[in-house]
Amino acid sequence: MDVRLGNGFDVHAFCDGDHVWLCGVNLSHARGLLGHSDADVGMHALTDAIYGALADGDIGQHFPPSDPQWKGAASHIFLRHAMATARARGYSLGNADVTLICERPKIGPHAAQMRAALADIMGVDITRISVKATTSEQLGFTGREEGIAALATATLVKP
């Protein structure tokens, strides 16, 4: 059995806007997130975790921000690609764990919906997906509400 573990980390700053995309869910918020695509920080970290487990670079290598075709792109495109790459190499997802780091928006009320969205995008059972959040106790850029960070881990398994 071949078991691989990958980690991903991403950060996006807040900007003018009225919503954020987090783990595939559109949340009303007083600000938006700045990014070349839809800036879904959770999905970007998870995509990188899968590429990391595959030892296949990162999201920027597969979808360069310098390429205008990815401007404003929905992040599910990136996550689906990472999962398709894993499956093409004979891997299935053991589990994925995403931690969103922010003061606001509050994640708890939306975590189940985020798990369901990620499971659907990835084509896996929801029991393989974890989404949770923490604050940084008002310290650093997330504590000052200047942006959101995300950390993700993915386990890939090949029989």
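Visitor: Which residue in S4 is the bridge partner of phenylalanine 14?

Guide: The bridge partner of phenylalanine 14 in S4 is leucine 33. This is a predicted model, in which local features need pLDDT of at least 70 and side-chain atom pairs count only at pLDDT 80 or more, while totals for chains, interfaces and linings use all residues. Residues are numbered from 1 along each chain as its sequence is written, and side-chain values use heavy atoms, without hydrogens or water.

S1 and S4 pair in the antiparallel sense over 2 bridges (pairing requires at least two DSSP bridges). They belong to an open, mixed sheet of 5 strands, ordered S4-S1-S7-S5-S6 (strands are DSSP E runs of at least two residues, helices H or I runs of at least four, numbered from the N terminus). Strands S4 (32-33) and S6 (129-134) stand at the edges with a single partner strand each, so one side of each has no neighbour in the sheet.

Strand S1 (residues 2-15) also holds aspartate 10. Aspartate 10 is buried (under 20% relative accessible area, 1.4 Å probe, protein chains only). Aspartate 10 has no salt bridge (a Lys or Arg side-chain nitrogen within 4 Å of an Asp or Glu carboxyl oxygen); the nearest side chain of opposite charge, lysine 71, is 14 Å away. Its side chain does make polar contacts with the side chains of histidine 12 (3.0 Å) and histidine 44 (3.1 Å) (N or O pairs within 3.5 Å, one able to donate a hydrogen and the other to accept it; for residues adjacent in sequence, both must be side-chain atoms).

Conventions:
Buried means under 20% relative accessible area, exposed over 50%, partly exposed in between (1.4 Å probe, protein chains only). Lys and Arg count as positive and Asp and Glu as negative; His and the chain ends are not counted.
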